[in-house]
Amino acid sequence: MSRKVGVLGMGHVGSTVAHYIVANGFADDLVLIDKNEGKVKADALDFEDAMANLPFHTNITVNDYSALADADVLVSAVGNIKLQDNPNADRFAELPFTFAAVQEVAQKVKESGFHGKIVVITNPVDVITSLYQKVTGLPKGHVIGTGTLLDSARMKRAVAARLHVDPRSVAGYNLGEHGNSQFTAWSTVRVFDQPITQLAKAKGLDLDELDHEAKMGGWTVFQGKKYTSYGVATAAVRLVNVILSNSLTELPVSNFREEYGVYLSYPAIVGRDGVVAQSQLDLTEEELQKLQTSANFIKEKFQESLNADK
């Protein structure tokens, strides 16, 4: 069965996603879409130049929305990263731009007859994931944001560095909004098969400091190179592969939670049919409050954008 993936937006993140897919042979067919015709054609040619030296072949199509009709997964990397260069480290600075751009793109995706799954990277990701679902009319479980899959990885990196282990040996989640109101749910974090709350006492770890480090990870990268790309592209491609291979993996992604009435990051089981089941964590009272605050914030921003758009 041929695997077909589309990438919408070929900026720093979209082109990193596409490169990761091409270099690893994760798709048989790749559709690349960007308003900047020169850039997307150059990327396609660059990938084709790489193929003679790769163990895989990928068929590449450029700027053809009709080619998305039978795609399995689309990755939305539409954005304008320059807007994030603000002193507040605020992903919402991009919202007026991305809200308008995504409405246009999502409408074209709908008109193409696309009926697969959408993986959203575009910031602010929870609000934009809601918008893709609303415009395309796809089932809620078929539109998923990368959400705190990246923030959880940043938390694992911070914890692993302190405890001298591989980040993959740290289990646990960051939850809520992929933005300033996200938080590490320390009650879910385990290392050496022990709750981190116990380890923190024994080893003198400052969990607030680690939480801050995870939250500021993206900003630190952004300060150095004025965009982030590898961490988020890897999270997105992991999600694409989980869908393509129907691996039924539990991941903290932005998915629609009925009890909050909004898209936010919370672990869900993901497979070929998108979100196939939702986890139920046993969170502390404080964590539940933080999650509710995050949900309210996302809901408010989505509503504001819809109203401003009228």
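The dialogue below takes up overall size, then pockets, then a sheet.

Q: What kind of model is this, and how many helices and strands are there in the protein?
A: This is a predicted model. The protein has nine helices and twelve strands.

Q: What radius of gyration does the protein have, and what would a compact globule with 310 residues have?
A: The radius of gyration of the protein is 19 Å, and a compact globule of 310 residues would be near 19 Å, so the two agree. Along the principal axes, the C-alpha atoms fill a box of roughly 55 × 50 × 40 Å.

Q: Which residues lie nearest the centre of the largest pocket?
A: Its lining has 46 residues, and those nearest the centre are Ala77, Val78, Gly79, Asn80 and Ile81. By class, the lining of the largest pocket divides into 19 nonpolar, 14 polar and 13 charged residues.

Q: Which helices each supply at least two residues of that lining?
A: They are helix 1 (12–24), helix 2 (37–51), helix 3 (95–111), helix 5 (149–163) and helix 7 (207–225).

Q: What volume does the second largest pocket have, and which residues lie nearest its centre?
A: The second largest pocket has a volume of about 660 Å³. Of the 28 residues that line the second largest pocket, Leu149, Leu150, Ser152, Ala153 and Arg154 lie nearest its centre. Two or more lining residues come from each of helix 5, strand 7 (171–175), helix 7, helix 8 (230–244) and strand 10 (249–257). Helix 5 gives the largest share of this lining, seven residues. The lining of the second largest pocket has twelve nonpolar, nine polar and seven charged residues.

Q: How do strands of a sheet pair, and what is the order of the open sheet of three strands?
A: Strands of a sheet pair through backbone hydrogen bonds, in either a parallel or an antiparallel way. Here the open sheet of three strands has the order 7-8-9, and its pairing is antiparallel. Strand 7 and strand 9 (194–195) are the edge strands, each pairing on one side only.

Q: Over how many bridges do strand 8 and strand 9 pair, and which residue in strand 9 is the bridge partner of Arg190?
A: Strand 8 (residues 183–191) pairs with strand 9 over two bridges. The bridge partner of Arg190 is Pro195.

Q: Which helix lies across strand 7 and strand 8?
A: That is helix 9 (residues 285–309), which runs at about 135° to strand 8.

Technical notes:
Residues numbered from 1 in each chain as written. Predicted model: local features only at pLDDT ≥ 70, side-chain atom pairs only at ≥ 80, totals over all residues. Heavy atoms only, no water. 1 Å grid on protein atoms, 1.4 Å probe; cavity = no way out; pocket = protein on both sides within 12 Å on 5 of 7 lines; lining within 4 Å. Helix = DSSP H or I, 4+ residues; strand = E, 2+ residues; numbered from the N terminus. Nonpolar A, V, L, I, M, F, W, Y, C, P; charged D, E, K, R; others polar. Points joined across faces, edges and corners; volume = space filled by probe spheres on them. Pairing = 2+ DSSP bridges. Contact = heavy atoms within 4.5 Å. Axes fitted to C-alpha atoms, helices over the stretch in contact; angles between N-to-C directions. Rg over C-alpha atoms; globule rule 2.2 N^0.38 Å.
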